[in-house]
Amino acid sequence: MEGVPHPIPRTVEEVFNDFRGRRSGLIKALTTDVDKFYQQCDPEKENLCLYGLPNETWEVNLPVEEVPPELPEPALGVNFARDGMQEKDWLSLVAVHSDSWLLAVAFYFGARFSFGKNERKRLFRMINELPTIFEVVTGNVKQPTEQYANHNSSGKSKSSAKVSRQSESESKVVKMSASKDEDESGEDEEDDEQGATCGACGDSYGTDEFWICCDICERWFHGKCVKITPAKAEHIKQYKCPSCSSKRARV
């Protein structure tokens with residue numbers, strides 16, 4: 001329960017900054033301030049919640065009394081499970097619920113201030129660049145992806161770039177975006193049209209999804225549509241889509 005009022009975020013950037021501040025506070029509670037957090041979560045007390053605040057601090061407090069609350073509320077009763085499981089498992093459980101709460105708060109603001117599809121997509125992409133609290137607490141932080149700006153000059157490579165993690169797949173994506181600019185000059189129109197949709201499901205390209213390009217027909221596919229994950233793609237030297245693979249098999 002936040003005693004000090006904070007400015008209400010109204011834009012994508014403001015909501016993301018609010019998210020990032022609350023996230024930092026929660027990470028402190030579950031890592032550097034864990035002893036203090038542990039002590040405050042006395043199971044003998046009433047239902048307690050862990051709140052992350054926009055100013056990068058945290059507090060353990062009773063839930064708000066107003067119904068419905070002004071903001072989505074975090075998990076109730078985090079103190080009750082403290083002595084019923086190993087500390088690391090308890091902290092991991094609190095971390096998972098904290099991640100869920102952060103997303104709920106962020107998209108509550110998005111709904112409240114009528115974020116459109118592109119704004120919601122941009123907000124999620126910004127959030128998704130950060131490791132989750134659970135990943136930080138458990139030490140399973142994945143290799144962070146490079147910033148999109150670093151890929152503006154990347155080409156649509158048909159070798160190692162196609163079988164990389166999402167950060168490198170974004171290089172190919174930037175090439176798709178670059179192709180749209182070239183289309184305005186009358187160049188690479190067919191290549192852009194191919195790269196803009198999935199060869200399996202036909203859906204348009206989305207920057208928050210992993211894509212892979214077939215080295216044979218040069219069509220692009222959602223990783224999920226062809227059952228290829230970024231980790232699996234790292235070990236593929238030459239990718240052939242299901243259609244091209246079946247053609248080779250019949251020859």
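Val 12, Glu 13, Val 15, Phe 16 and Phe 19 of helix H1 touch Glu 119, Arg 122, Leu 123, Met 126 and Ile 127 of helix H4, where contact means heavy atoms within 4.5 Å. In this meeting of H1 with H4, seven residues are nonpolar, none is polar and three are charged. For these classes, Ala, Val, Leu, Ile, Met, Phe, Trp, Tyr, Cys and Pro count as nonpolar, Asp, Glu, Lys and Arg as charged, and the others, Gly among them, as polar.

This is a predicted model, in which local features need pLDDT of at least 70 and side-chain atom pairs count only at pLDDT 80 or more, while totals for chains, interfaces and linings use all residues. Residues are numbered from 1 along each chain as its sequence is written, and side-chain values use heavy atoms, with hydrogens and water left out.

**The chain as a whole**

- The protein chain has nine helices and four strands; helices (H or I, at least four residues) and strands (E, at least two) are DSSP runs, numbered from the N terminus.
- Starting at the N terminus, the order of the elements is α-α-β-β-α-α-α-α-α-β-β-α-α.
- The protein chain has 251 residues, and 36% of them count as buried; buried means under 20% relative accessible area, exposed means over 50%, and partly exposed is in between (1.4 Å probe, protein chains only).
- Among contacts with a separation of 6 or more, 59% join residues 24 or more positions apart.

- From its first C-alpha to its last, H1 reaches 27 Å, close to the 27 Å expected at 1.5 Å a residue; the expected span is 1.5 Å times one less than the number of residues.
- H3 has 26 residues that should span 38 Å at 1.5 Å a residue, and its end C-alpha atoms are 37 Å apart, which agrees.
- Ala 104 is located in H3 and is partly exposed, with a relative accessible area of 33%.
- The C-alpha atoms of Ala 104 and Pro 74 are separated by 9.1 Å, although these residues are 30 residues apart along the chain.

- Two packed helices are described by the angle between their axes and the distance between the axes.
- Axes are lines fitted to C-alpha atoms, for helices over the stretch in contact, and angles run from 0 to 180 degrees between N-to-C directions.
- Angles under 35 degrees count as roughly parallel, over 145 as roughly antiparallel, 65 to 115 as roughly perpendicular and the rest as oblique.
- H1 (residues 12-30) and H4 (residues 117-128) pack at an angle of about 30°, with their axes 10 Å apart. That makes H1 roughly parallel to H4.
- The axes of H1 and H3 (residues 87-112) come within 10 Å and cross at roughly 165°, so H1 and H3 are roughly antiparallel to each other.
- On the H1 side, this contact includes Val 15, Asp 18 and Phe 19, while on the H3 side it includes Leu 91, Val 94 and Trp 101. The contact of H1 with H3 is made up of 13 nonpolar residues, one polar and three charged.
- The axes of H3 and H4 come within 11 Å and cross at roughly 150°, and H3 and H4 are therefore roughly antiparallel to each other.
- Leu 103, Ala 106 and Phe 107 of H3 make this contact with Arg 120, Leu 123, Phe 124 and Ile 127 of H4. Six residues of the contact of H3 with H4 are nonpolar, none is polar and one is charged.

**Backbone details to look for**

- Most residues other than glycine have a negative phi, and most peptide bonds are trans.
- Val 67 and Pro 68 are joined by a cis peptide bond, with omega about -5°; Pro 68 lies in the loop between strand E2 (58-61) and H3.
- Glu 56 has a positive phi, near 70°, and sits in the loop between strand E1 (49-52) and E2. Glu 56 is partly exposed, with a relative accessible area of 38%.
- Glu 218 has a positive phi, near 60°, and belongs to the loop between strand E3 (211-213) and strand E4 (220-222). Glu 218 is partly exposed, with a relative accessible area of 35%.
- Ser 114, which follows H3, has a positive phi near 55°.
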